[in-house]
Amino acid sequence: MSRPLTLLLVRHGQSEWNAAGRMQGQTPHVPLTALGHAQAHTAADELARLRPGALISSDLLRAVETAEHCARATGLSIETSPALREQGYGELEGLPSRDLWDVVDWTDPHWSAPGGESLAELHARVEAFLKNLGAEPPADVIALVTHGDTIRAAQAVVAGLGPDAMPAVTPHNGSITRLELIA
């Protein structure tokens, strides 16, 4: 008999590269801005009201800094996982995002930048993570601190959709997206 597992996906607060309009991908060292810390604090307060029993974060700095706010608000310890990282953009990371609209093939889920990861690979990574999480969940309500494209991939996986049907809208920095996974 299956039971629902509630996932509370927290998108990290605004990072310095979000503010500068630079492609982040899996660049590990990008910190939050002052606004990003404020967004993370607000999300953490909302998260505490939702009472998660476990807190798992991407291991990238902007997510970990957001998760630290969540840990203080909930009293939970942080577990990190590289499976919750953002889509890797390889050689494009650090470049101005506005310069990439003509470089990235946003319509092909199998396209990837040199040294990067396609949407299909991101989707498969998130799908494997969620399958493992559902097999042995640490709690009935789990907070996952992660990134915009990773949240879109999780939404598609939970809805039974492939990487070609991921939602087009990326959740805002500091937002919480609630999903029900049948485990």
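1. Basis. The model is predicted, so local features need pLDDT of at least 70 and side-chain atom pairs count only at pLDDT 80 or more, whereas totals for chains, interfaces and linings use all residues. Residues are numbered from 1 along each chain as its sequence is written, and side-chain values use heavy atoms, with hydrogens and water left out.

2. Glu46. This residue belongs to helix α2, residues 34-50 (helices are DSSP runs of H or I with at least four residues, strands are runs of E with at least two, and both are numbered from the N terminus). Glu46 counts as partly exposed because its relative accessibility is 35% (buried means under 20% relative accessible area, exposed over 50%, and partly exposed in between, with a 1.4 Å probe and protein chains only).

3. Helices α2 and α3. The axes of α2 and of helix α3, residues 61-74, come within 8 Å and cross at roughly 35° (axes are lines fitted to C-alpha atoms, for helices over the stretch in contact, and angles run from 0 to 180 degrees between N-to-C directions). The crossing of α2 and α3 is right-handed, a term used where the near helix is turned clockwise from the far one by less than a right angle. Residues of α2 including His37, His41 and Leu47 meet residues of α3, among them Glu65, His69 and Ala73 (contact means heavy atoms within 4.5 Å).

4. Strand β2. Five of the five residues of β2, residues 54-58, are buried, so this strand is largely enclosed by the rest of the structure. β2 pairs in the parallel sense over four bridges with strand β4, residues 141-146, where Leu55 stands opposite Ala143. β2 also pairs in the parallel sense over four bridges with strand β3, residues 78-81, and here Ser58 stands opposite Ser81 (two strands pair if DSSP finds at least two bridges between them).

5. The β-α-β unit. Taken together, β2, α3 and β3 make a right-handed β-α-β unit; right-handed here means that, with the strands pointing away from the viewer, the path from the first strand over the helix to the second runs clockwise.

6. Thr146. This residue lies in strand β4 and is buried, with a relative accessible area of 0%. Not counting residues up to four places away in sequence, Thr146 touches Leu9, Val10, Arg11, His12, Ser58, Leu84 and Ile151.
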